[in-house]
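Biologist: I would like to learn how to read a structure like this one. Could you take me through it feature by feature?

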Amino acid sequence: MTAATTVKTDYEAIIGLETHCQLATKTKIFSDSSTEFGAEPNTNIDPICMGLPGVLPVLNEKVLEYAVKTGLALNCQIAKYSKFDRKQYFYPDLPKNYQISQFDLPIAEHGHIEIELVDNDGNPTRKKIGITRLHMEEDAGKLVHAGSDRLSGSSYSLVDYNRAGIPLIEIVSEPDLRSGQEAAEYAQELRRIVRYLGVSDGNMQEGSLRCDVNISVRPVGRKEFGTKVEIKNMNSFSAIQKAIEYEIERQIEANESGEAIIQETRLWEEGSQRTISMRIKEGSSDYRYFPEPDLAPIEVTEAQLKNWESELPDLPAKKRHYYETELGLSAYDARVLTEERATAEYFEAALKKGANSKTAANWIMGDIAAHLNKEKLNISEINLTPTNLADVVKLIDKGEISNAKAKEKLPELLEGKSAKDVFAGEKLITDPAVLEPLIDEAIAGNPKEVEKYRSGKTNVKGFFVGQVLKKTGKRADPKLTNQLVDKKLKALIE
């Protein structure tokens, strides 16, 4: 009798993200209180954001502009007619006991973005992720729990209403994501886009970008979704990936053991690297939406739409495609150079002045990036202009200076000195008649290294090249020096 064979079930995850993005306006969505981060608690408040009797909200026109521009950047259809609604819920950080949001007529719908994942070999994989909707809403306040980061375990709680009324856009994705890596990259691409547009700083640590994950698992091949669970409290892209990976395993184990998965909201605990139950998930009916009576409907005119669309910059995905297909850069290089708009613009400005794309990319991602990290600067704040970088790159590519010499002089370039002045009298030595005596001198003065070469350690050749570069103040042509050293060393053992 043959024992029954257990067939292992393969599962796939179905993931969607709800992303709240704080808009970079100077004042709140319906009042003129400041949106400054880090102000003293309960100082950036007013009767409107506190919901006092008799006050009327007025929509900040910059909020509408930023929401429409983001919708256009996400390839959404912009609603010519939309409205605000009241979303009812009762919590201490919501002074009005309702939030002004958008429910059935959002400002933008039916869009998509492209994400790009690069494997360890540098090969890119692109995937289109659908955008269900984008809508405008106001933020709630913030509870500070004393003695704990959650209500449970705290001895008392304080409330700061400074965030109440801060303008947000909520971006809801289609359930097109299948892994923690894809979800983290989707969130990063959203941040790149809002930063390129200038509508948000996308700072997760300050709460400017907050992502909630909706996730379920199902056996591969099944069309029906599993029970959806929401995860909150993720303040980094790595946390998004880790929380999803943990939750996928938790739900698979529950399915395998016959344990029921309930629709709930869970929190990500960074310390224990796990999700924990927070509350049973509300449905939209629990919020008792109805049209906001104090705000008129919104109508976006064709003229407004065309004007805002004309102000959109080229976005990261378009630049990545161009850098890879037209400039011949690797997917990794293209990704690094397009991470920030200022970096991409600096790079492109250097190319317009005649810089070789690969050499310029290497300088920006290497020595210049190291300087920026060390000094905590943005690339737009350094004194090495794109024109001056292009001049340096052209000198290197023409063989007039070595890359090593250029790196040595980088501090002077970063002070704002021109390449012409910095490299005056630094032209590469390309005459074999000048280099050969120096090579002979290096070989004669280092008999132990010569013996290593004779014994088969041919990598010692680099030592002699280095000696010649040192003697010439890094002015020796590295390629020619390498060839001459190789020739002379081979002659010793023939």
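Modeller: We will go through helices, strands and a few single residues in turn.

Modeller: This is a predicted model, in which local features need pLDDT of at least 70 and side-chain atom pairs count only at pLDDT 80 or more, while totals for chains, interfaces and linings use all residues. Residues are numbered from 1 along each chain as its sequence is written, and side-chain values use heavy atoms, with hydrogens and water left out.

Biologist: How do I read the span of helix 8?

Modeller: Start with the terms. Helices (H or I, at least four residues) and strands (E, at least two) are DSSP runs, numbered from the N terminus. The expected span of a helix is 1.5 Å times one less than its number of residues. Helix 8 covers residues 357-375, which is 19 residues, so it should span 27 Å. Its end C-alpha atoms are 25 Å apart, which agrees.

Biologist: Where does helix 8 bend?

Modeller: A bend is the angle between axes fitted to the seven residues ending at a residue and the seven starting there. Helix 8 bends by about 40° at alanine 369.

Biologist: What happens at the start of helix 8, and what comes just after helix 8?

Modeller: At the start, a side-chain oxygen of asparagine 356 comes within 3.0 Å of the backbone nitrogen of lysine 358. Just after the helix, lysine 376 has a positive phi of about 55°.

Biologist: Which residues of helix 8 are buried?

Modeller: Buried means under 20% relative accessible area, exposed over 50%, and partly exposed in between (1.4 Å probe, protein chains only). The buried residues of helix 8 include Trp363, Ile364, Ile368 and Leu372. Alanine 369, where the helix bends, is also buried. The buried residues pack against helix 6 (331-337), helix 7 (341-352), helix 9 (386-397), helix 10 (403-408) and helix 11 (410-414).

Biologist: Now the strands. Which way do strand 11 and strand 12 run?

Modeller: Two strands pair if DSSP finds at least two bridges between them. Strand 11 (residues 209-219) and strand 12 (residues 229-232) run antiparallel, joined by three bridges. Valine 213 has isoleucine 231 of strand 12 as its bridge partner. Strand 12 also pairs with strand 13 (residues 264-269), in the parallel sense, over three bridges. Here isoleucine 231 stands opposite arginine 266.

Biologist: What is the hand of the crossover from strand 12 to strand 13?

Modeller: Point the strands away from you. A crossover is right-handed if the path from the first strand over the helix to the second then runs clockwise. This β-α-β crossover, through helix 3 (residues 237-257), is left-handed.

Biologist: Why is strand 13 called largely enclosed?

Modeller: Six of its six residues are buried, so the rest of the structure largely encloses strand 13. One side holds Glu264, Arg266 and Trp268, the other Thr265, Leu267 and Glu269.

Biologist: How many bridges link strand 13 and strand 14?

Modeller: Six bridges link strand 13 to strand 14 (residues 274-280), in the antiparallel sense. Glutamate 269 pairs with arginine 274. Four residues lie between the strands of this hairpin, and glutamine 273 takes a positive phi near 55°.

Biologist: Last, single residues. Is arginine 163 buried or exposed?

Modeller: Arginine 163 has 16% relative accessibility, so it counts as buried. It is in the loop between strand 9 (156-160) and strand 10 (167-173). A polar contact is a pair of N or O atoms within 3.5 Å; within protein, one must be able to donate a hydrogen and the other to accept it, and residues adjacent in sequence count only if both atoms are side-chain atoms. The side chain of arginine 163 makes such contacts with the side chains of glutamine 22 at 3.2 Å and aspartate 139 at 2.7 Å.

Biologist: Which residues is leucine 23 in contact with?

Modeller: Contact means heavy atoms within 4.5 Å. Leaving aside neighbours within four places in sequence, leucine 23 contacts Val63, Tyr66, Pro167, Ile169 and Val199. Leucine 23 is buried, with a relative accessible area of 1%.
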